[in-house]
Amino acid sequence: MSSNPAARRRPTHRKGRPTLTRESVGRAALDFLDHHGPAELTMRSLAADLGVSPRALYNYVEDRRDLLTVAAELFESEWRPPELKSGRWRESLRSYCRALRAHYRSHPGMTTLALTENITMARHPTMLRNVDTLIGFFEAAGLSLQDAYRACMETIRLVAGFVELQDIVYDRPPAHVNPADLAQLPPPWLRPKEPENSEGSGSSNASEGSDGSEPVGDLPHLARLGELEPDSPDTLFAFSLDILVEGIAARAARSGE
């Protein structure tokens, strides 16, 4: 028998099927989410994707919740943030957020799924160290420990929220969204409804909403948006980072008074 550990490593496939482990099942769940919506991830659908029976998965995870916990821990363990430099904390924070955004976008829907499923047991040591480091970074920038924690959580919320609410519409447009609408300013959902006229039933009041609601009236600021170029997601994200950075700078200045 060979003494080489690599020679004893478990094969990744047997008879054309993947050799399952707890980690490989979690990895498969992450890969599944790259191409399907969170609601589509079930034990049965994942088993079909892997070419095994659903019963086989239960040898490695207890249920769907346990499966999601393993996937979330893998997601957390893969995050390798850039170095945070307190001497240039503004640009360092921007770089950190841009990298975190890219990480969240690599597995779209994972954050929303973790929140909706309340996967509280997914606490990978790598994630805990990353959070602890970010808190220390903000404290070194001049915030109190409590404000440093708040700034850490706000940073994560900003990036995760932007990815889940803004990026995902561009990266994976829902079936009801026309990609061409994303290049319009204001977008169609920020315009008043056109009055509806039904044949044979008389015309509706043009000043009244098509659903019978009160008339919208003048919308001068939304109307003027049509004169501007639409923002790309990157431009919007840079604006969000400006607000975050300047807000933290103002808070740190108050703490030093």
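# Questions on a predicted model

Colleague: Does Asp 66 count as buried or exposed, and what value decides the matter?

Modeller: This is a predicted model, and the answer rests on accessible area computed from its atoms. The cut-off for a buried residue is under 20% relative accessible area. Asp 66 falls under that limit and therefore counts as buried, with a relative accessibility of 14%.

Colleague: Where is Asp 66, and which residues is Asp 66 in contact with, leaving aside its neighbours within four places in sequence?

Modeller: Asp 66 has its place in helix H4. Once neighbours within four places in sequence are left aside, the contacts of Asp 66 are Arg 22, Tyr 60 and Val 61.

Colleague: How many helices and strands are there in the protein, and in what order do the elements run?

Modeller: The protein has ten helices and two strands. Read from the N terminus on, the order of these elements is β-β-α-α-α-α-α-α-α-α-α-α.

Colleague: What share of the 257 residues of the protein counts as buried?

Modeller: A residue belongs to this group if its relative accessible area is under 20%. Among the 257 residues of the protein, the buried share is 33%.

Colleague: What share of the contacts with a separation of 6 or more comes from residues 24 or more positions apart?

Modeller: The contacts considered here have a separation of 6 or more. Within that set, the share from residues 24 or more positions apart is 68%.

Colleague: Why is the pair of Trp 79 and Tyr 96 given the class it has, and what is that class?

Modeller: The structure holds four aromatic pairs. In the pair of Trp 79 and Tyr 96, the ring centres are 5.6 Å apart and the planes stand at 85 degrees. Planes over 60 degrees apart put a pair in one particular class. The angle of 85 degrees is therefore the reason that the pair of Trp 79 and Tyr 96 is called edge-to-face.

Colleague: Where do Trp 79 and Tyr 96 lie, and how many residues apart are they?

Modeller: Trp 79 is in the loop between helix H4 (64-77) and helix H5 (89-106), while Tyr 96 is in helix H5. The pair links distant parts of the chain, and the separation is 17 residues.

Colleague: Are Trp 79 and Tyr 96 buried or exposed, and what are their relative accessible areas?

Modeller: Trp 79 is buried, at 9%. Tyr 96 is also buried, and its relative accessible area is 4%.

Colleague: Which residues does His 103 touch, not counting those up to four places away in sequence?

Modeller: His 103 has its place in helix H5. With a relative accessibility of 10%, His 103 counts as buried. Not counting residues up to four places away in sequence, the residues that His 103 touches are Phe 75, Glu 78 and Trp 79.

Colleague: Over which ring does the charged end of Arg 101 sit, and what is the distance from its centre?

Modeller: The ring belongs to Phe 237. The charged end of Arg 101 sits over that ring, and the distance to the ring centre is 4.8 Å.

Colleague: Which helix gives the most to the lining of the second largest pocket?

Modeller: The volume of the second largest pocket is about 310 Å³. Of the 17 residues that line the second largest pocket, those closest to its centre are Gln 166, Tyr 170, Pro 187, Trp 189 and Leu 236. The lining divides into 13 nonpolar, two polar and two charged residues. Four residues of the lining come from the helix that gives the most, H8.

Colleague: What is the make-up of the lining of the largest cavity, by class?

Modeller: The largest cavity has a volume of about 30 Å³. Its lining consists of Arg 105, Pro 108, Val 163, Asp 167, Ile 168 and Asp 171. Helix H8 gives the most to this lining, with four residues. By class, the lining has three nonpolar, no polar and three charged residues.

Colleague: Which residues does a cis peptide bond join, and what is omega there?

Modeller: Pro 186 lies in the loop between H8 and helix H9 (220-224). The cis peptide bond joins Leu 185 and Pro 186, with omega at about -10 degrees.

Notes: Residues numbered from 1 in each chain as written. Predicted model: local features only at pLDDT ≥ 70, side-chain atom pairs only at ≥ 80, totals over all residues. Heavy atoms only, no water. Phe/Tyr/Trp six-rings, centres within 6.5 Å; stacked < 30°, edge-to-face > 60°. Buried < 20%, exposed > 50% of the residue type's maximum accessible area, 1.4 Å probe, protein only. Lys NZ or Arg CZ within 6 Å of the ring centre and 35° of its normal. Contact = heavy atoms within 4.5 Å. 1 Å grid on protein atoms, 1.4 Å probe; cavity = no way out; pocket = protein on both sides within 12 Å on 5 of 7 lines; lining within 4 Å. Points joined across faces, edges and corners; volume = space filled by probe spheres on them. Nonpolar A, V, L, I, M, F, W, Y, C, P; charged D, E, K, R; others polar.
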